[in-house]
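Visitor: I would like a close look at one part of this model, the surroundings of the ligand. Please keep to that part.

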Amino acid sequence: MANILVTGGAGYIGSHACKVLAAAGYTPVTYDSLETGWKDAVKFGPFEQGDLLDRERLDQVFAAYRPQAVMHFAALSQVGESMTQPGKYWRNNVSGSLSLIEAAIAAGCLDFVFSSTCATYGEQDGVVLDEDSSQQPLNAYAASKRAIEDMLDNFGKSDGLRSVIFRYFNVAGADPDGEIGEFHQPETHLVPLMLDAVDGKRDALTIFGTDYDTPDGTCIRDYVHVMDLVDAHVLGVKWLEDGRDSRVFNLGTGTGFSVREVVKQSGTITNREVPIIEGERRPGDATALVSGSQRAITDLGWDPKRSNMENMIADAWRWHQNTGAHYSE
Ligand code: UDP
């Protein structure tokens, strides 16, 4: 059974990736510093604690497991923090990825699946973004992801590294079996914050801006179910396994939901009122981000079958209710 090195395997998306990798017959080897990840979320394969910048530790792990491919999720991902502490983002995300890529190449592991973001497109209102849209990162987080995309391209040309780059739109939902789910500390994402407000863990959800140029005044995003998102990653590993060339794929559904629409749907699913406060715009938020995802569907054979809002909220709510939506360590 082939090993896949999953950096950030103790995080939200990485842990779901480990689950589907294991189900597809791979052994996911989690490499995580636990700075923002949770040991309790590592349930589907071996765990190796380590930092991306620790090259010696990475070399040891590559030597011990001889992975067929790397899935690289580990990153700092808070937009606001990236603007006040850009050094953290350039050091951890960019230098950390450089260290990982060089370790992978040194170990002869040349298949690389990378988690990037639609935030690299920046503000391009009214446009459905496809993979050829121009990239204009608006914050240091997005700039760090864009830099890593360039790095992968450069090492592809110099060393034959082959990469599948996924640009995520908004990821939501949880494992329908309830084994793992979304838990960030601190939490900044819409769905978990909203569910906290629904069950009284926080007073209300603040809607960031109600004066956008959209039908109901709130921002529009394209939400994709975490299980669909990680399914695409397994297809990415197989794409490289089949000897295909490096490729970039958007992962979204092509349908946008406003914040108010997400709130409304949550009220329906939970059968409770969602307490809201209409607040100011959050700096750095684009008005609307909607994916053109045809390439992933056509070329990769991706089927985002669970990505309707009802499923995403229902699965997140199940995790929320069963576990209190948290890990203890
Ligand atoms: N949002 C909001 N209140 C919150 C958190 C998020 O109104 O407490 C909005 C945010 O402005 C954006 C959408 O919800 O339009 C999704 O935000 P999230 O932080 O989940 O993801 P992002 O779009 O930043 O990747």
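Which element gives the largest share of the shell around the ligand, and how many residues does that share hold?

Guide: Strand S9 gives the largest share of the shell, four residues. The model is predicted, with local features needing pLDDT of at least 70 and side-chain atom pairs pLDDT 80 or more, while totals for linings use all residues. Numbering runs from 1 along each chain, and side-chain values use heavy atoms, without hydrogens and water.

The shell as a whole holds 15 residues around the ligand (a heavy atom within 4 Å). Leu190, Thr206, Arg221, Arg282 and Asp285 are the closest of them. Sorted by class, the shell has eight nonpolar residues, four polar ones and three charged ones (Gly counts as polar).

In asparagine 170, a polar side-chain atom lies 2.9 Å from a ligand oxygen. Leucine 190 uses its backbone instead: a polar atom there is 2.9 Å from an oxygen atom of the ligand.

Two elements give two or more residues to the shell: helix H6 (190-198) and strand S9 (205-208) (DSSP runs, helices of at least four residues and strands of at least two). Leu190, one of the closest residues, falls in the range of H6, and Thr206, also among the closest, falls in the range of S9.

Note on methods. A polar contact is a pair of N or O atoms within 3.5 Å; within protein, one must be able to donate a hydrogen and the other to accept it, and residues adjacent in sequence count only if both atoms are side-chain atoms.
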